[in-house]
Amino acid sequence: MTPAPRTDARTTRLPGSLPVAALGLGSFLPDEVVTNDDLAEKLDTTDEWIRTRTGIHQRHRLAPDDATSDLATRAARAALDDAGMVPGDIAEVLVATTTPDYLVSGVAPIVADNLGIRVPALDVNAACSGFVYGLRQAAGLLATGSGPVLLIGAEAFTRAVDPQDRNVAILFGDGAGAIVLGTDDAGELGPFDLGADGSDPTSLYTPVGGTREPATVDNIDERRNFMTMRGREIYRFAVAHMSASSLAVLASAGLGPDDVDMFVGHQANIRILNAVADKVGIPAERCHTTVHLHGNTSAASIPLALAHARDNDRLAPGDRLLLTAFGAGLTWGSCLLTWGTA
Ligand code: ACO
């Protein structure tokens, strides 16, 4: 059942926002579900350790023949169907991803081709902050007169982590979420707070395979072509930056936590999400979490959570959402999005 629209329609636009509405929303999760017990059969870990440290119960893993663009294309088709649109209605395709099909050549052009359209198509690589960064890019495009923008967050991180490394293999899952954004008074996007600190990318990175250290037989033997991180450092960074950034967005909008109907943070770890919500002043019943079901799906986590909220009648037209994320780079970003469907 679709929830009834809110009756207290907001007529004044927030500072730093644009009249942008979500015209359609869609998601795709691969069929294969990997539980913590499944991982514990091959790794020195337990269901209890993973649940208590991360809140993750299970994650999805993409099929052997699939790549990120396949997940992205399915989510995109679902979003277009939801919008009642055809691919030819889309003016630009943005794909937020850190796990592209190929090191050289983007995912977005492949998705556009899969949809049968020849439009500008660009990847946004801000790791787990990619969807919020992508919303900012989409807002800029729409502000300069673009037609509808298809923004997809898509990741296949199970291919980018070492399946033998318990520090990271337990955290990640695969999936994609897509949103069609258009200029429309039914919704509102912004203000934003985005940031980056590239002073030490090695706290969360893939050492080998780029131009800094090209892949060789030796460094692949050492398994340095997989992502690695300093978990505790990232944890502290995530809590500090997601909460400060969320508060900065509320301050520039002239709002407080009570003005937020739903808080959707990047789904990396339930302890991080709870700590951020606590610092921002948002009670648990107004937070939407899916980390237990999806694990960390990086740039896909926020649109997957939005689709999950909508499918479970937790997202209604007129709801004001606070989105926040952090990721490799290191990057962070937050914004307000008033949910509106034309
Ligand atoms: N099972 C059992 N033990 C484990 C596992 C595991 N899967 N992984 C690590 N351990 C061990 C460690 O080796 C360590 O052992 P030691 O004390 O003997 O050295 C012990 O558990 C405790 O490790 P801690 O680092 O204290 O565990 P912590 O409570 O910090 O939780 C975690 C670790 C979950 C990684 C946490 O630090 C975290 O979530 N950090 C944020 C990471 C994150 O979100 N990264 C994604 C960024 S997304 C992107 O941009 C790609």
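Reply: Let's take some labels one by one and set each value against its cut-off. Keep in mind that this is a predicted model.

Me: Why is the pair E32 and R61 called a salt bridge?

Reply: The label needs a side-chain nitrogen of Lys or Arg within 4 Å of a carboxyl oxygen of Asp or Glu. For E32 and R61 the N to O distance is 2.9 Å, so the pair meets the cut-off of 4 Å. The structure holds eleven salt bridges. Behind the label is a simple idea: side chains of opposite charge can pair when their charged atoms come close.

Me: How do you know that E32 and R61 link distant parts of the chain?

Reply: Look at where the two residues sit: E32 is in strand 2 (residues 32-35) and R61 is in strand 3 (residues 58-61), 29 residues apart.

Me: What makes E32 partly exposed?

Reply: Its relative accessible area is 37%. Buried means under 20% and exposed means over 50%, with partly exposed in between, so E32 at 37% is partly exposed. R61, at 34%, counts as partly exposed by that reasoning.

Me: Why are R51 and D47 separated by about one helical turn?

Reply: Because they are four residues apart in helix 2 (residues 47-54). R51 itself is partly exposed, at 37% relative accessibility.

Me: What makes D200 and R230 a pair that ties parts of the chain together?

Reply: First the bridge: their side chains meet at 2.6 Å, N to O, within the 4 Å limit. D200 lies in the loop between strand 8 (188-196) and strand 9 (204-205), while R230 lies in the loop between strand 10 (228-229) and helix 8 (231-253), so the bridge ties together parts that are 30 residues apart in sequence. Both are partly exposed, D200 at 30% and R230 at 33%. Shared partners also join D200, R230 and E233 into one network of salt bridges.

Me: What makes strand 6 mostly covered?

Reply: Eight of the eight residues in strand 6 (residues 149-156) are buried. V149, L151, G153 and E155 point one way, and L150, I152, A154 and A156 point the other way, yet all are buried.

Me: How do you know that strand 6 pairs with strand 4 and with strand 7?

Reply: Two strands pair if there are at least two bridges between them. Strand 4 (residues 92-96) and strand 6 share five bridges in the parallel sense, and L94 stands opposite L151. Eight bridges join strand 6 to strand 7 (residues 174-183), which run antiparallel; there G153 has G177 as its bridge partner.

Me: Why is S298 called buried, while S105 is called partly exposed?

Reply: S298 has 1% relative accessibility, which is under 20%, so it is buried. S105 has 47%, which falls between 20% and 50%, so it is partly exposed. Each has a positive phi without being a glycine: near 105 degrees for S105 and about 50 degrees for S298.

How values were computed: Residues are numbered from 1 along each chain as its sequence is written. This is a predicted model: local features need pLDDT of at least 70, side-chain atom pairs count only at pLDDT 80 or more; totals for chains, interfaces and linings use all residues. Side-chain values use heavy atoms; hydrogens and water are left out. Buried means under 20% relative accessible area, exposed over 50%, partly exposed in between (1.4 Å probe, protein chains only).
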